[in-house]
Amino acid sequence: MRRYGKHTDEDDIRSRPNRKGNRPRTNIRPKHQDAAEGLVLTVDRGRLTCLVEDRVVMAMKARELGRKAAVVGDRVMLVGDLSGMKDTLARIVRIQERASVLRRTADDDDPYERVVVANADQLAIVTALADPEPRPRLIDRCLVAAYDGGLEPLLVLTKSDLAAPDELLELYGHLDIPYVVTSREELENGDAADRVRELLDGRITAFVGHSGVGKTTLVNALVPQERRRTTGHVNAVTGRGRHTTTSALALPLAGDGGWVIDTPGVRSFGLAHIDPSRVIHAFPDLEPGTADCPRACSHDEPDCALDAWVAAGHADPARLYSLRRLLATRERTEGD
C-alpha cells in the first residue's frame, strides 16, 4: 500500500535511523600518509609492542588489515598516540613487505602455516650436545625452513662439556654452515657470548631450538639487561625441557650490533608448507645440474640428472647426499 501521494517532497519521507549508530560502510580507506614506521618487538594476546624511533609503543591491529597479522620482526606503519606513555594505544595500519619469513606448521599434516619471525637475516639453530641429546632431524627441518624462507643458518652447539661436537659437525660439514661450540662454563664467564656475538654483529638473528638446550640462557648472556626466565630443567624420562619462553621477543644487542629474536622452544617443526623444489636453491653448486631433470623431479629418484652431474665431477657427492637427506626429512618425524 502506497504511503505517500503523487507529489511527495524529500521532507515528507522519513529516513530509518541507524540503530547501531555507526557510519555507512565504504570501500575507500584512509591512506594514513602521516603514519610512522615501527618495529614489532613482541605480540601478546592481540597487543603488539613496537619500537618507534626510541620509544616503546603499545599498539593493536587496525580492522582494515582484516586477517593479516603482524609478527615479531615486522616493519609496520602506525597512527594514533605514539608517545609511548602508560595506557596509550596506537594502531597498526600497514605491514611493510617482508624481506624474509620463517614459517612452520605444527606437524606435517597440519595445513595451517604459522609465521614465526619476519625480516630476520639469520637463523641460529641452538642444539645441546647432551642433556637433551641432539636431534639431527629437527636440525634438518630447521635448515629446510631457513633455506625456504631466505635466512642464512648458523649452528650453535651448547654443553660441549658433556659431549664432544665432532660427530655432529661431521654430519653438517658438507653444508658449509657456520657454527660455534660453547660450554656451560663459557656461558657463565661470558666467553661464549663474546664468540657468538661476533657472528651476530649487524644482523637480525632468530634463535630456535628444542626446549632445554640453553637457548634462552645464551640470549640472556648476549643481552644481559633483558633477562628472560630459563628452563634449567630437563625431564629425565623424555629428555625434554619445559617451555618457559612463551612468546617471541626481539632484543637489541649493545650499540648498533643488531638484534636477537628469542622464540619459544619447539618440540616439532612441521614442513607441510614447504615446496621441496625450493630447497635446491640453497645448493648453488648442484642447481645447474637440475636442468636435465624430468619434470617435477624430486631429486631423489632413478632418473634424476643430479647423479650424472655429480659423477661428471661438477660437485661433491657428499653435497648431493646432504641435499637428499634434507629433502627426505620432510617425510620423516623429528625423532627418527
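In which helix is Ser322 found? Ser322 belongs to helix α7 (residues 317-328), where helices (H or I, at least four residues) and strands (E, at least two) are DSSP runs numbered from the N terminus.

## Basis of the report

This is a predicted model, in which local features need pLDDT of at least 70 and side-chain atom pairs count only at pLDDT 80 or more, while totals for chains, interfaces and linings use all residues. Residues are numbered from 1 along each chain as its sequence is written, and side-chain values use heavy atoms, with hydrogens and water left out.

## Confidence

The pLDDT is the predictor's confidence in each residue, from 0 to 100. For the protein its mean is 84, and 83% of the residues reach 70 or more. Residues 231-244 have a pLDDT below 50, yet this stretch has 30 contacts in the model beyond near neighbours in sequence; a contact means heavy atoms within 4.5 Å.

## Overall architecture

The protein contains seven helices and 13 strands. Of its 336 residues, 46% are buried. Buried means under 20% relative accessible area, exposed means over 50%, and partly exposed lies in between (1.4 Å probe, protein chains only). Among contacts with a separation of 6 or more, 64% join residues 24 or more positions apart.

## The surroundings of Ser322

Ser322 is buried, and its relative accessible area is 2%. Leaving aside residues up to four places away in sequence, Ser322 touches His174, Leu175 and Phe283.

## Cysteines without a disulfide

A disulfide is a covalent bond between the sulfur atoms of two cysteines. Here the term applies to a pair of cysteine sulfur atoms within 2.5 Å, and the structure holds zero disulfides. Cys293 is in none, and its nearest cysteine sulfur, that of Cys304, is 3.9 Å away. Cys293 is buried, with a relative accessible area of 15%.

## A nonpolar surface patch

Met58, Met60 and Leu89 make a nonpolar surface patch of about 220 Å². Patches are made of residues with over 30% relative accessible area and no salt bridge; like charges are joined within 9 Å, and nonpolar side chains (Val, Leu, Ile, Met, Phe, Trp, Tyr) within 5 Å. A salt bridge is a side-chain nitrogen of Lys or Arg within 4 Å of a carboxyl oxygen of Asp or Glu. Areas come from the Shrake-Rupley method with a 1.4 Å probe; for residues, only the protein chains shown count as cover.

Met58 lies in strand β3 (residues 55-61) and is partly exposed, at a relative accessible area of 34%.
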